Amino acid sequence: MRSRYKRFGLLTLMVLLFSVQINIVQAHVGKPTVYVNGQKLDVDAIATGENNSVTFIPFRPIFEALEMEVEWDEKTKTVTASKDSTLIKLRANNLTGFLNEKKVQLSSAPFINNDTLYVNLRFIAEGAGGKVRWEKVSDNEMYVYIELTDSITNSNN
């Protein structure tokens with residue numbers, strides 16, 4: 001009788017572990033191609049979460065594509081980007097960000113991978129006044145399109 005319970009317990013444990021593994025596979029990491037106003041960014045973007053629902057990108061290329069000034073504080077692991085009246089401040093592993101001095105609760109925290117801070121692409125693009133469109137062509141091919149308003153990209157005209 002005891003052997004039967006052990007087998008049942010072992011089988012239950014295997015089923016649970018297998019179901020966790022399936023969820024991990026569903027949350028695999030994708031590599032979307034990112035475009036800003038039709039220009040392809042040469043970056044190593046990472047899509048994570050269920051159905052690759054969150055795209056992270058190294059902070060410097062996206063802020064530079066938005067023509068923002070960037071400051072990095074190595075001690076606090078904080079990036080600050082600004083242009084005109086737009087100010088974005090994010091800290092690694094922190095769910096609180098700042099947009100124009102206002103505290104914002106982030107859906108996912110910026111993180112450091114291979115000495116690079118990755119930030120949520122949608123938060124950055126929309127914070128800078130852009131519109132984001134995401135297109136999944138296949139399991140291995142994804143595109144993120146960011147269209148910016150004239151107020152951000154042409155403020156020096």
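**Stop one: a parallel pair**

Select β1 and strand β13 (residues 141-147): the two run parallel and are joined by 4 bridges. Strands here are DSSP runs of E with at least two residues, numbered from the N terminus, and two strands count as paired if DSSP finds at least two bridges between them. Now pick Thr33, whose bridge partner in β13 is Tyr143.

A word on the model before moving on: it is predicted, so local features need pLDDT of at least 70 and side-chain atom pairs count only at pLDDT 80 or more, while totals for chains, interfaces and linings use all residues. Residues are numbered from 1 along each chain as its sequence is written, and side-chain values use heavy atoms, with hydrogens and water left out.

**Stop two: the hairpin**

Click on Val36 to find its bridge partner in β2, Gln39. The two strands form a hairpin with 2 residues between them, and Asn37 in the turn has a positive phi of about 50°.

Next, show the whole open sheet: its 4 strands follow the order β2-β1-β13-β12, with mixed pairing. At the edges are β2 (39-40) and β12 (131-138), each pairing on one side only.

**Stop three: another sheet**

Select β3, β4, β11 and β10, an open sheet of 4 strands in the order β3-β4-β11-β10 with antiparallel pairing. Its edge strands, β3 (46-48) and β10 (111-113), each pair on one side only.

Finish by zooming in on β10 and strand β11 (residues 116-120), antiparallel and joined by 3 bridges. Here Ile112 stands opposite Leu117 in β11.
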